[in-house]
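Welcome! Take a look at the sequence and the structure first.

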Amino acid sequence: MKPKSSLGQNFLKNPGIADKIVAFSGVEQGDAVLEIGPGKGALTRALLETASRVVAVEKDDGLFELLKNQFSDEPGLTLVHGDVLDLDMSTLVSPGTKVVANLPYNIATRVVLRLAEVSPPPASAVVMVQKEVAERICAPVGHSEYSALTVLLSGIFLCDPGFVVGPKNFFPQPKVDSRVIRLVPRQNPLPPPERDAYRRVVLCSFSQRRKMLRNSLMGLPGITKQGLSDLACQAGIGLEKRPQDLSWEEYARLGRAYRQIIIP
Ligand code: SAM
């Protein structure tokens with residue numbers, strides 16, 4: 001089967017890396033794991049040596065058939081044939097589920113954002129992504145890579161930047177380095193009712209990265225000039241700041257104030 005770049009098919013060919021990912025994930029006996037994109041099963045096999053149950057979602061028709069044959073005698077494995085983005089993530093992630101995946105590059109950010117929407121979030125998510133994406137996810141406040149993606153995930157997860165995996169460990173070789181990161185839920189993640197306003201404030205702020213919040217936040221639906229200064233005052237945030245200057249907690253305060261203004 002010819003690897004499909006449209007499905008981000010870069011298969012791990014170094015079993016040592018699969019073992020390293022599983023060790024880094026902290027998966028142990030008794031754990032339930034969700035794997036996204038099992039491919040030819042390199043990581044799946046390593047996971048089945050440790051976890052009690054693995055659910056693996058594969059979109060590719062040919063690979064799904066291959067996996068069914070390859071793992072037919074594995075009672076701990078449930079194979080799901082489908083596009084993970086079409087599935088309800090909350091049915092795949094039960095409380096305590098650990099996610100472990102070598103994610104297809106083209107959908108990696110959408111997948112991690114979906115994982116952040118599940119409540120309660122997965123016990124951990126150890127995912128391999130393009131190194132540049134990992135840098136955006138794990139960037140500290142004020143860093144040039146600090147972005148809407150960083151903040152949206154920071155409301156839910158803490159990020160451990162893990163380790164780099166070079167192109168030679170894959171077939172076909174990607175053009176870029178990858179990084180395996182670990183996302184672990186915060187003790188007090190942003191509560192679900194606050195997430196919509198939080199998301200709107202974050203996306204609106206970063207839509208004009210170089211501008212002060214005074215300008216970018218005027219793009220919020222339903223906001224007036226007076227409303228914006230009330231919102232900033234209530235949240236205790238200076239409107240001369242730029243989006244990369246604010247921590248996720250400050251965005252959470254802005255989101256709460258915005259919610260009170262639009263839903264009085
Ligand atoms: N886990 C394998 C490994 O480490 O060798 C394969 C990883 S490869 C980077 C990504 C896998 O995700 C491929 O098998 C691809 O077919 C699958 N995939 C791509 N898009 C998908 C989607 N939307 N839903 C589920 N699987 C997908």
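## Exercise 1: The surface and the overall build

The accessible surface of the protein chain is about 12400 Å², with 51% of it belonging to carbon and sulfur atoms. Areas of this kind come from the Shrake-Rupley method with a 1.4 Å probe, and for residues only the protein chains shown count as cover. Before going on, please note that this is a predicted model, in which local features need pLDDT of at least 70 and side-chain atom pairs count only at pLDDT 80 or more, while totals for chains, interfaces and linings use all residues. Residues are numbered from 1 along each chain as its sequence is written, and side-chain values use heavy atoms, with hydrogens and water left out.

Task: find how the radius of gyration of the protein chain agrees with that of a compact globule.

Solution. 
- Step 1. The rule for a globule is 2.2 Å times the number of residues to the power 0.38, and the radius is taken over C-alpha atoms.
- Step 2. For 264 residues, a compact globule would have a radius near 18 Å; the protein chain has 20 Å, which agrees.
- Step 3. Along the principal axes, the C-alpha atoms fill a box of roughly 65 × 35 × 30 Å.
- Step 4. The chain has 11 helices and nine strands. Helices (H or I, at least four residues) and strands (E, at least two) are DSSP runs, numbered from the N terminus.

## Exercise 2: Inside the chain

Task: work out what percentage of the 264 residues count as buried, and what percentage of the contacts between residues at least 6 apart join residues at least 24 apart.

Solution. 
- Step 1. Buried means under 20% relative accessible area, exposed over 50%, and partly exposed in between (1.4 Å probe, protein chains only). The buried share is 49%.
- Step 2. Contact means heavy atoms within 4.5 Å. Among contacts between residues at least 6 apart in sequence, 67% join residues at least 24 apart.

## Exercise 3: An aromatic pair

Task: describe how the rings of Phe-24 and Phe-163 are arranged.

Solution. 
- Step 1. Rings of Phe, Tyr and Trp (its six-membered ring) pair if their centres lie within 6.5 Å; planes under 30 degrees apart count as stacked, over 60 as edge-to-face and the rest as tilted.
- Step 2. The whole structure holds three aromatic pairs. In one of them, Phe-24 and Phe-163 sit 5.5 Å centre to centre with 80 degrees between the planes, an edge-to-face pair.
- Step 3. This pair links distant parts of the chain, 139 residues apart: Phe-24 is in helix H1 (residues 15-25) and Phe-163 in strand E7 (residues 157-165).
- Step 4. Phe-24 counts as buried because its relative accessibility is 14%; Phe-163 is buried too, at 11%.
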